[in-house]
Amino acid sequence: MSHLYKHLRIHQVFGANTDVGKTIITTALVRASALNNNRVFYLKPVSTGAPQDADDGHIKRHAGPQKHLVDAHCLFRYGDPVSPHLAAKMASETQGVKVSVPSDETFVGSIAEHIRKRARAASLGAHMYVETAGGVHSPTLSGTTQLDSYRPLFLPTILIGDSKLGGISSTISSFESLLLRGYIIDAILLFRDEYYRNFEYLTQYFAERGIHVTALDPPPPRLDDPSENFANTEKYYSNLVPPSQQGDVFTALEHLNECHARRIQELDSMPRRTSDAIWWPFVQHGLVKTEKDVTVIDSAWSDFFSIYDASRERTSQPASLLQPQLDGSASWWTQAVGHGHPTLALAAANAAGRYGHVMFPQATHLPALKLAERLLQGPGKGWASRVFFSDNGSTGMEAALKMALRSFIVSSGLELSSAEKKNLGVIGLKGSYHGDTIGAMDACEEGVYACEWHEAKGYWFEPPTVSVRQGQVAVSLPPALSSLSGDQHQVAEAFETLSHVYDVEQRLESPLARHYRRYLEKHMRHLQADSSRKLAALVIEPIVMGAGGMIFVDPLFQRIMVDVVRDPTLFPTALPVIFDEVFVGLYRLGFESAGPLLGVSPDISVNAKILTGGVLPLAVTLASDRIFQAFNSESKVDALLHGHSYTAHAVGCQVANATLDMVGRLVESDQWLGAIRKWAPEGATSSRAWSFWDPKFIASISCLDIVDEAMTLGTVLAIKFKDDDAGYASHSAQTLLQSLRLPLEDGSSSAAPGGAPFGVHYRTLGNVAYFMSSLNTSRATIEALEERLWRLVSDVRRS
């Protein structure tokens, strides 16, 4: 977790290289802080080499006349004077006894706990310095480079520049490496070497980038006699950090203090400034009553936001103003591999540096071409021939609708008037949602998302649904399909496991399948006979309709819908089929695409969200050759005249390629395979449908009195609460779960990276609460959320 305290300023010290003087300059800062009568804490997380040469010992020896104010510690100490990862490995093999090397989680957790303890002991105006080892990319104990290992702590940074030959390059490179990982770089300090004069160049270079640079006098050469060396070094520090508190070190110290105060001041002001300047999406501003209702996100890492909360400083034991909060909606369903992933940041930076944005019509570039080719061999394998790029899911669906309607007209050979073309309609499902642009809205039944221009163009069937009710996997029928009247759904069929309900091919000859087919054929004939609107496409969100309330549709019903609109006895020209996979695609539900699960391919599909791992907006519309050929001629006006200024932007495409590389490795990981086995039917090792959420937890929570049903697939969990006023306008789920936003301080649930209890940031859809993990969320994090949910919901039941 990130750390920020009003009464304790913390800075992490990185070096542009080894032997650049990190400890000497940090000692000067520690000494200056103490001379200012500040309590000072120094931490060297890992030290290698002889104990007498340890950096924390140097700090203690030269802390100056106020050394009683200085506390210096080292957490992991190894005797071999080598890189920390090698020293830890060598220590683990000593005397033939294999001892595990501390993991990144253990390493960062130990640092975080040390910081918390010192923060509790600190008085107003205390300072802390956390000094790393070697250069910015030197490995830590596990072998992870320091930049990535320390990133969960997100401490403001001091970079010690390199004053030697080649130091300009290493300093700038280190700065850029820190920048790419999102670090706040408050200052660069280095020695004033009068021969190489790197400080002159770097001062000007970083001034243009708004970074403060301080150059200090270099230390004297090391003397062989220990007592003489100590006296000589102490004289150096006395001159560099004089009792008069004048000079460059104190200027740097004042700057660091100002940076700390300015950061807190800005975070404090953000709720008010945001309320005055921003119009949020999907938020009723009239319900945002106080500044506390505004979530201030200072940074994000892995599955967690770092949330600013000024009230934390006023507790009896002052806590960090920044608290971890689990991103429980995967940031509106976009997160694939967690926030701030360095691989994706580097991919974005590489493409931005190589291309920026370049025109795409009748042109190409490698990131877009590679992405298109891999998508045709991935979700489009066996049916798609072309990839059309756009900038988000809604506009991807706009393109899909244009493709489908034109293709229908061309394929049918119908001579339609202009008015008839404007009146073409679609078939879909009640509860569907395809985005907020007008065309995408018109492909849905009118609902809460409608606007003044919205004109629903089509017919929408109410679907049967899949859920877990009272511990039993069941398919429930809506009134139109059942023998019941009213709003209650009738359970049509119970299943032993999720895998059985998603075995669509096995279910095709079942009585329920015949019931679906008769129902759909009857209504399709009626719709065909209705001359008021010509139906031209089938548009569905396969498997789950997200924004409509996390509605898990019976896949058998959707399969038969596709079969029926392709039946030549009903539709002489098969209707183009659009799969809106913006939400469900690319393994959000545990599979790459819904086509293989349903046993049928679409003519057009749309992917977005996970595509770029939550880093950038990008969408792709995949189309079959039949669809493409409807636009292919020698006339310009026959072309798909649809596009965006940022079509196939290289940065998004490069990040998408990197994301899909990572996802490809995740689907073969032990965590994935273990989750699949857990959901497998008895005696099997695999399952057609599975989830990262525990099957026993789903069954148990579905049995609670206040729960109507629960359901899960892949990363998604949905819990529907009983509510007489159910619907999007309901606040029942939001009200019921509001305590989730606060961390449990009793230690009963697992902690976020760095060891702090975490709250949960979540979104609701009326009386439906949903939660979503990334594709690589740890089992420990999911278990912690399961525990929180179980305790909260079962406590409500008892009360």
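**Notebook: a sheet and a helix pair**

I started with an open sheet of four strands, which runs in the order β8-β9-β10-β25 with mixed pairing. The model is predicted, and I kept that in mind throughout.

Which strands stand at the edges? I found β8 (297–301) and β25 (759–761) there, each with a single partner strand, so one side of each has no neighbour in the sheet.

Next I went to the pairing of β10 with β25. Strand β10 covers residues 322–327, and its pairing with β25 is parallel over three bridges. I noted L326 standing opposite V760 in β25.

Which helix packs on the sheet? I found α9 (residues 248–277), which touches β8, β9 (304–308) and β10. The direction of α9 makes about 95° with that of β9.

I turned to a helix pair. Two packed helices are described by the angle between their axes and the distance between the axes. I looked up both for α12 (residues 366–376) and α22 (residues 650–666): the angle is about 40°, and the axes lie 8 Å apart.

Last, I listed the contact residues. From α12 I have P367, A368, K370, L371, R374 and L375. They meet A650, C653, Q654, A656, N657, L660 and D661 in α22. How do the residues of this contact divide? I have eight nonpolar, two polar and three charged.

How values were computed
Residues numbered from 1 in each chain as written. Predicted model: local features only at pLDDT ≥ 70, side-chain atom pairs only at ≥ 80, totals over all residues. Heavy atoms only, no water. Axes fitted to C-alpha atoms, helices over the stretch in contact; angles between N-to-C directions. Helix = DSSP H or I, 4+ residues; strand = E, 2+ residues; numbered from the N terminus. Contact = heavy atoms within 4.5 Å. Nonpolar A, V, L, I, M, F, W, Y, C, P; charged D, E, K, R; others polar. Pairing = 2+ DSSP bridges.
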